[in-house]
Amino acid sequence: MPGSLVSGIVAPLAGRLSDRVPAKWVVATGFGVLAVAIGWLAAVVRPEVPVVTVVLPMTLFGIGTGCVFSPLANLATSGLDQRTAGAGAGAFNTTRQVGGVIGSAAIVATLTARLAVELPAAARQAAASLPEQVRGPFVEGFSGAGSLQAGAGGSFDLPAGVPDDVARQVGEAATAAFHQGFATAVGQTLAVTAAVLVLGFVCAVAMSARHVEH
């Protein structure tokens, strides 16, 4: 919510600013702010993170998005005349939509791949505090394709005769392992996203103005 609200305020201001200064610098600033915001999130995300710690970088994220989209659309179509402006705007929107779909799919694939590594690793770490007879089933519950559901539910096939206090200890360890593994995987995925945004910053800085003869 804070990111969306701030973006709605910043976007028209950034659009007007791009009419007064070279728009590429507004876009580059936006990409830079986005990279900082996502990198900030990647650094602080953890199970016990306070809400305010997430709100601050997400507010910065809203500033970045507001500085990117309006000026970028202006840059993409400013060199077109009346005959090609419609086609150019359509091509820009199509490219943006396709990029959004590919980017979303890449984020999901990255997060899924990191979850497959981090959830079992967190389970092995949490299992060290459990009785030896339940460690094997506990770690096994986080392995395989169903690790996300198993970790979230904390449901495992424990050996028969396990006392209630041990079963409760296993449930608490499962919740802690899932939260820690998920937070670590999210942080790593956000770090990849920040790196892509840095690439966007470099591309924006490298833009050169060209006069088009019509």
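Select F178 and F182 in helix 7 of this predicted model. The two residues are 4 residues apart in that helix, so about one helical turn separates them. Display both side chains and turn the view until the two rings can be seen together. A pair of aromatic rings is described by the distance of the centres and the angle of the planes. The count of aromatic pairs in the model comes to 1. The ring centres of F178 and F182 lie 5.9 Å apart and the planes meet at 25 degrees, so the pair is described as stacked, the cut-off being under 30 degrees.

Are these two residues buried or exposed, or something in between? F178 has 15% relative accessibility and therefore counts as buried, since buried means under 20%. F182, at 32% relative accessibility, counts as partly exposed.

**Along helix 7**

Stay in helix 7 and select A183. At 8% relative accessibility, A183 counts as buried. What does A183 touch, apart from residues up to four places away in sequence? The answer is V45, R46 and P47. A183 and L115 are 68 residues apart along the chain, and their C-alpha atoms are separated by 9.3 Å.

Continue to V205, which also belongs to helix 7. With a relative accessible area of 30%, V205 is partly exposed. Once neighbours within four places in sequence are left aside, V205 is in contact with K24, W25 and A28. Select V27 as well: V205 and V27 stand 178 residues apart in sequence, while the C-alpha to C-alpha distance is 8.5 Å.

**The whole chain**

How many helices and strands does the secondary structure contain? There are 7 helices and 0 strands. Read from the N terminus on, the order of the elements is α-α-α-α-α-α-α. The protein has 214 residues, and buried residues make up 33% of them. Among contacts with a separation of 6 or more, 75% are between residues 24 or more positions apart. The pairing of V205 with K24, W25 and A28 may be kept on screen as contacts to inspect.

**The largest pocket**

Rolling a probe the size of a water molecule over the atoms shows where empty space is left. The largest pocket in this model has a volume of about 920 Å³. To find this pocket, select F31, G99, G100, V196 and L197, which are the closest to its centre of the 25 residues that line it. Which elements give two or more residues to the lining? They are helix 2 (23-44), helix 3 (51-77), helix 4 (85-127) and helix 7 (164-205). Helix 4 gives the most, with 10 residues. By residue class, the lining divides into 15 nonpolar, 9 polar and 1 charged.

**A loop residue and a helix residue**

Move to S18, in the loop between helix 1 (2-17) and helix 2. Is S18 buried or exposed? At 7% relative accessibility, S18 counts as buried.

Then select P137, which lies in helix 5 (residues 132-141). P137 is partly exposed, with a relative accessible area of 25%.

The last stop is the pair of selections C67 and C203. C67 has a relative accessible area of 12% and is buried. C203 has a relative accessible area of 44% and is partly exposed. How many disulfides does the model contain? The count comes to 0.

Methods:
Residues are numbered from 1 along each chain as its sequence is written. This is a predicted model: local features need pLDDT of at least 70, side-chain atom pairs count only at pLDDT 80 or more; totals for chains, interfaces and linings use all residues. Side-chain values use heavy atoms; hydrogens and water are left out. On a 1 Å grid over the protein atoms alone, a cavity is a set of points where a 1.4 Å probe fits but cannot get out, and a pocket is an open set with protein on both sides within 12 Å along at least five of seven lines; lining residues have an atom within 4 Å of a point. Grid points are joined across faces, edges and corners, and a volume is the space filled by probe spheres set on the points. Ala, Val, Leu, Ile, Met, Phe, Trp, Tyr, Cys and Pro count as nonpolar, Asp, Glu, Lys and Arg as charged, and the others, Gly among them, as polar. Rings of Phe, Tyr and Trp (its six-membered ring) pair if their centres lie within 6.5 Å; planes under 30 degrees apart count as stacked, over 60 as edge-to-face and the rest as tilted. Buried means under 20% relative accessible area, exposed over 50%, partly exposed in between (1.4 Å probe, protein chains only). A disulfide is a pair of cysteine sulfur atoms within 2.5 Å. Contact means heavy atoms within 4.5 Å.
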